[in-house]
Amino acid sequence: MTDRHSGGGLRYSASRFGVEVSRWCCGFHPANRRTLRRGEGVSDVGGRGRGRAGAARGRACLCRWSGRVYVGREFDVRQDARRGAAARCVAPARQCGTGAEPVRPALRGRRRREVTGTPDAIGALLGSGPRRVVPLPEPAERERLRVAYGLGKAETAQALGISASTLTAWEQGRRDPQGEGRAAYARLLEGIAAQLAAEGEEGKDEREEGGEGEERGEGEVGAVGGEGVPQAVMLDQHPDGSLVMASAAPCVQCGQPSVYRAQGRPMHLGGFCRPPVPGAVPGPVSVAGPVPVPEPEPGPVRTAAAAATVAPVAGPEPEPVRTATVAAAPEAVRTAAPGPAPVRAKGRGAEGRGGAGRGAVEVEDWEQAAAARFPGGPLVVVEVAADGRALVAYGADGAELAGEPPMGPGVAGLLEWALAARFGSARLHRYGKDGDPLLVLTEAAATELGLPPAGRDEKTQYVARIGRLPDTHKQVKALAKEGWQLTRRGFGPWARIYREPEAGRRQCVQLCVLPWGALDGGGWKLPDGLAAPELARLLGTYARRVHTPRGSTAVSGLELVTALRPPTRPVRTGSGWTSGPVEGSRHRVFDAAPPEVPDEHPLAAEREDDAVLVTEAWDWHRPLTGREAAAPFAVGLDVNMAFLAAAGRLNVPLSEPVHELAPAFDRKTPGSWRADLSGLALDPLLPNPFTADGSAPTGPAWYSTAKLAYAVELGADVRPSEGWLRHESGPYLDPWHKRLRQAYVDTMAGLGVPLDLADRDPAAFLEAMARLGEGDPAELAVLGAIKQTAKGTIGKFRERPRGFGYRPGQRWSALDRPTWDPLVRALVIDTATVNLHRKLARLHAELGTPPFAVLSDCAVFAAPGPSALDVLRRPDGGVSTALRLGVSPGHVKFEGSRPIAEIRELLADGANPARHIKTGGLVSADE
């Protein structure tokens, strides 16, 4: 922008701390050519800076760093090409405080020759005195100060207006800061060093006296924790995760203008600016010893186990991490012992083997700050006290919460109590959203709060067929009167109730109404007669290992996917902030390809019968061979979490399909391909991997990338005639796979089956699995919920229309989700099928033992004995690893055994023996 006014000056805008100012700034502008009266505001000459100007005559200039307007001296302004139309102030460093270097006039031709060398310009330069380079500490000390203060590279670089790579270069000494950036960086480091030094002395005095640091109130921004180190500050956000922005106002800590808010008060982005400590000596200060870090703010009194529910480590199970590196302990003995929290971690710990053998886990600063916001835990179960006079709440560890009990009147009062107690769960991704608190209401508590029982009267009771209370119900009206709102699903078993944010804080609570059947199905199989404390412990374990329940296990699993891969993130632009996609996420809604959609989809109305991508798990069996008929037993082996294992590092689509004719096959491009695989000859004793019933293909058909890639591996000459291809892809489900895998492994370890048991002693593994049903009923319920979460999540990618009021041919609500894509489900199922076929082929080649029946992920073999080892034992006495025994997803376990005579009867009736292998003889205890 190079507009000029009649005097020849440049119009410019200066932006710092969210302040946007545009004005004419030059000595030729008429507004700057009069004498100001002493005490007259500089805004009278076009400035918006703070303070008052003295008597002066001449030019005015806005300092881009301090926001002050300087009058009475001659300042040169030029257009900075690197910053668009931003002007640079060349006020003397001791006046401006930025340390900005002088800039030559941006005048050209004769006008520049007339101005250059004038006495006024030279006098201004000489009057400023000698310019000194702003000192900085050594590069290693720069990084140490930032890490000790608990700042991440991204937030520090963002606040300084530079990139993270530039900050890294500054800290490593590869580049030296210059100009305004150097001054700002020096100011930050000086403030950090001064505060760390002063607070270190205060903490030492307090420890010597045996006292604790003072705690600031909840409403104070930048509260100081128990040891005196400033806590991380979270800026206010809208319900959609975007930052709350308002008119510029002085920051409550440094006084500089800011458009952002923290708890409703002005605060700079990153929250690291602090008022100078009185008496502190500026400059780099070495701080010896460990730096104390804050404890979470006080909330409802909880036991040690409860604190473990708020550590948001994505992937491995979140633990009560209190130091930057913590060696994990067995689940049964983990405690939240008080200790220093991490100030900074540089990455993730390696994924370990089992709950007790996991490696060190490192927590990043944003995770620690997020966890500290919810001392109450992710959920509570509300019950009526034993005396029947009040409500009591049990936390995620099963312990009764101390402090103020839940109170009414009605549901609205309970919601207020939950928000005040700060229940909730921390985000699992830097750009994700914090989880809303979950309140589980028992039948007695629901009655006490005025909720109606389940029945058939639509006006006064909850009717399961409708799935919600009528809008005219008194409880719904009472909520509306208090300013609460309901989502489109209304007040049902899993009601989500919210209201407008206050001071930028999200106000939303999820209810789980047990008497309305919230946990009676949907993948939840709870033990009968479960008391409120045991129910709280069960749900709390699931919340800690997987995700806070949000409905059925399928719904909870899909929420976990988006929590680990949020669709958008805040992106800084020249004019403010906007939303941008998170790399590797699905952030757009688009329709799938016609061959991929279910029959109810509008795109399926005109397609041919053979133009369908058929993707279903195997349901196959064949007649017994003579050798198999002579064997005494049939043994079933089941693949653990087959769909979950297939999702690991799986390349899935992230963009809409593109129709192409005669495309060249590329195994790295997910999509649907039409090809002819009828000429591929395979072992007839094994199920064919390219059809759902295991028979050989008879002509052209639609296949996913996973199956065509396997056909190429088997020697097929693949030449697709057409395809619906996705040219943006990535391992979208990988974080979901890692977290659920760790949850499954930890739960099995808690039930007495560690991850490496099968490798050490296969017989002991089979014995431990046989005793699995004798374990803790709550742990067994969690195990079942984890399995259903894995299966249900994959099904959600192809969710069909359901519910009251749907008409065939119409679109349904699931189609408006970025996560609705049938090809994702097809790729997972096909990958699981290919993986199993590859293992069965290896086993047949190694031992000559093919299966004669397969159902989904269960294969049945003829064997000389009723044990899994009778199928897998090699002639040399070892155990084959083609189908590897073990707990890990993708390994196999014993499913069941029946006499071969019963198998012959099932085959004679046309039944699949794999479907009935569990109903007779020996049966796997975990099914």
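User: In which loop does Ser-856 lie?

Analyst: Ser-856 lies in the loop between strand 26 (853-855) and strand 27 (858-863). Strands (E, at least two residues) and helices (H or I, at least four) are DSSP runs, numbered from the N terminus. The model is predicted: local features need pLDDT of at least 70, side-chain atom pairs count only at pLDDT 80 or more, and totals for chains, interfaces and linings use all residues. Residues are numbered from 1 along each chain as its sequence is written, and side-chain values use heavy atoms, with hydrogens and water left out.

User: What is the phi of Ser-856?

Analyst: Most residues other than glycine have a negative phi. Ser-856, which is not a glycine, has a positive phi near 55°.

User: Is Arg-422 buried or exposed?

Analyst: Arg-422 is buried, with a relative accessible area of 14%. Arg-422 also has a positive phi, about 60°, although it is not a glycine. This residue lies in the loop between helix 10 (410-421) and strand 12 (438-441).

User: At what angle do the axes of helix 13 and helix 18 cross?

Analyst: Two packed helices are described by the angle and the distance between their axes. The axes of helix 13 (residues 532-545) and helix 18 (residues 734-750) cross at roughly 135° and come within 9 Å. Axes are lines fitted to C-alpha atoms, for helices over the stretch in contact, and angles run from 0 to 180 degrees between N-to-C directions. Helix 13 is therefore oblique to helix 18; angles under 35 degrees count as roughly parallel, over 145 as roughly antiparallel, 65 to 115 as roughly perpendicular and the rest as oblique.

Methods. Buried < 20%, exposed > 50% of the residue type's maximum accessible area, 1.4 Å probe, protein only.
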